[in-house]
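Open the structure in your viewer and keep the selection panel at hand. We will go stop by stop.

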Amino acid sequence: MRWLNNKNIFSFLMLLVLAVLGMISYQTYGAFQTYQKAVESRKEIHFVDLFDETIDAISKERIASATFMGSHGKKGKELLETSRENVNSKLGELSAYVHDHPTFKMYTRRLTAIRNSLKKVRNSIDTLSSDYRDTFYTIYHQEIFNDTVPYFFQAVAYRCQPACIHFESWVVMHIGREFSQLA
């Protein structure tokens, strides 16, 4: 115990203990940062999945609307109502998720624009409007798909690296599918 009374040895031991505590603290901080990134990535991947389901539901509603309008309101009424309920529930889920997570608040305005465009297109379908180009190309394709998908792609690709790889391939596939359906 004599060596603890020596001032130089005691200073060295204290410095050594502080260095070890500093290294442990730094390692803990690094592990916590990695954990936070993983949690944020999971949130963003879940957001991308919800968005994917919403766009798929809108695509199915568009097909059901085309069937309904093509038959002049004689076929597909039940399918159209079911697909509209599905779209409304998916939009509700997406809106609730955006509302619950403050990092996604910026998408609220775009979701409101989608809802307004859907109201407009549904009104035109329910009245069996004869302007098919305005209904399907202008509203569905340009106002909903072309404006929404790239907007979300740019925003998500800017914010998250792991999820954007999945989302980028989905966007390329989806936009390619949209253009091929128009041709």
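Start with Glu85, which sits in helix α3. This is a predicted model. Is Glu85 buried or exposed? Glu85 is exposed: its relative accessible area is 56%, and a residue counts as exposed when that value is over 50%.

In sequence, Glu61 and Glu85 are 24 residues apart. In space, their C-alpha atoms lie 9.4 Å apart.

Next, colour the protein chain by pLDDT. The chain averages 79, and 77% of the residues score at least 70. Where is confidence highest, and where is it lowest? Helix α3, residues 77–100, has the highest mean, at 91. Helix α6, residues 161–182, has the lowest, at 53. Then select residues 178–183, where the pLDDT is below 50. Beyond near neighbours in sequence, this stretch has nine contacts in the model.

Move on to helix α4, residues 108–126. Its 19 residues reach 27 Å from first C-alpha to last, close to the 27 Å expected at 1.5 Å a residue.

Select the buried residues of α4: Arg110, Leu111, Ile114, Ser117, Leu118, Val121, Arg122, Ser124 and Ile125. Turn the view to look down the axis of α4. The buried residues fall within an arc of 155°, so they line one face of the helix. An α-helix has 3.6 residues a turn, so residues three or four places apart point the same way.

Technical notes. Residues are numbered from 1 along each chain as its sequence is written. This is a predicted model: local features need pLDDT of at least 70, side-chain atom pairs count only at pLDDT 80 or more; totals for chains, interfaces and linings use all residues. Side-chain values use heavy atoms; hydrogens and water are left out. Helices (H or I, at least four residues) and strands (E, at least two) are DSSP runs, numbered from the N terminus. The expected span of a helix is 1.5 Å times one less than its number of residues. Buried means under 20% relative accessible area, exposed over 50%, partly exposed in between (1.4 Å probe, protein chains only). The arc is that of the directions from the helix axis to the C-beta atoms. pLDDT is the predictor's confidence in each residue, from 0 to 100. Contact means heavy atoms within 4.5 Å.
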